[in-house]
Amino acid sequence: MNRMEIEIKLNRDRAWLIERLGAMSEAELSAPRTFSEHDPDSRWSFADHFVHTTLIERNWNAMFRRHVSGEDGLEPRLRGDGSPQSMDEIMASIHEWTEEWKAEHSGKPFIELVRIGQEVRADTIALLAELSDEQLESKIPGAPWADGTVGGIMAANADHGRMHYAWAEEDPVSSAD
């Protein structure tokens, strides 16, 4: 994707998501919708899914910066003894990390979650402007998202929001009652 396509996708999909969530009442936004992947007693709401995408986007921006500066974009995930973690161990730590972020932002008004997301999205757009076409097309070794390129992963932030919205819309929590 070129930089214009990336910016259009990021802006269009964020507007789509905010329009849908912004039309909901606070009760709808905060109602439990999905099961946590870390804490069996925790449930995620539309608002939790929304703020989760902000955390991931912030993390990806740091990954892009490491990559274009010549460092490893993906930081190695190692056990205490220096051996590589298994995918199950990696996912467990990611789920714990995202659950902590969710808990930190739980109960905040939606407009505050939008503001937090705006800070990160502004950083994403600024980073998009700073990167050369060559940097946007460069692949981050080991990156499993999109096509593995900086630009492709950056654009995947839009898909990430839609994916979480769809999960929350399915509402497996109510169907489990």
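Student: How much space lies in the largest cavity?
Tutor: This is a predicted model, and its largest cavity holds about 130 Å³ of space.

Student: Which residues lie nearest the centre of that cavity?
Tutor: Arg 14, Leu 17, Thr 53, Arg 121 and Asn 157 lie nearest the centre, out of 13 residues that line the largest cavity. The elements that contribute two or more residues to this lining are α1 (3-22), α3, α5 and α7.

Student: How does the lining of the largest cavity divide into nonpolar, polar and charged residues?
Tutor: Three of the lining residues are nonpolar, five are polar and five are charged.

Student: How many cavities of 30 Å³ or more does the structure hold?
Tutor: There are two cavities of that kind.

Student: Turning to pockets, what volume does the largest pocket have?
Tutor: The largest pocket has a volume of about 1,100 Å³. It is lined by 37 residues, and Ile 56, Met 91, Ile 94, Trp 97 and Trp 145 are those nearest its centre.

Student: Which element gives the most to the lining of the largest pocket?
Tutor: That is α4, with eight residues. The lining of the largest pocket comprises 18 nonpolar, 13 polar and six charged residues.

Student: Now the helices. At what angle do α3 and α5 pack?
Tutor: Helix α3 (residues 46-68) and helix α5 (residues 110-130) pack at about 25°, and their axes are 10 Å apart. Angles under 35 degrees count as roughly parallel, so α3 and α5 are roughly parallel to each other.

Student: Is the crossing of α3 past α5 left-handed or right-handed?
Tutor: The crossing is left-handed.

Student: Which residues meet there?
Tutor: On the α3 side they include Phe 50, Val 51, Thr 54 and Arg 58, and among their counterparts in α5 are Leu 113, Gly 117, Arg 121 and Thr 124. The residues of this contact between α3 and α5 divide into ten nonpolar, four polar and six charged.

Note on methods. Residues are numbered from 1 along each chain as its sequence is written. This is a predicted model: local features need pLDDT of at least 70, side-chain atom pairs count only at pLDDT 80 or more; totals for chains, interfaces and linings use all residues. Side-chain values use heavy atoms; hydrogens and water are left out. Axes are lines fitted to C-alpha atoms, for helices over the stretch in contact, and angles run from 0 to 180 degrees between N-to-C directions. Helices (H or I, at least four residues) and strands (E, at least two) are DSSP runs, numbered from the N terminus. Angles under 35 degrees count as roughly parallel, over 145 as roughly antiparallel, 65 to 115 as roughly perpendicular and the rest as oblique. A crossing is left-handed if the near helix is turned anticlockwise from the far one by less than a right angle, and right-handed if clockwise. Contact means heavy atoms within 4.5 Å. Ala, Val, Leu, Ile, Met, Phe, Trp, Tyr, Cys and Pro count as nonpolar, Asp, Glu, Lys and Arg as charged, and the others, Gly among them, as polar. On a 1 Å grid over the protein atoms alone, a cavity is a set of points where a 1.4 Å probe fits but cannot get out, and a pocket is an open set with protein on both sides within 12 Å along at least five of seven lines; lining residues have an atom within 4 Å of a point. Grid points are joined across faces, edges and corners, and a volume is the space filled by probe spheres set on the points.
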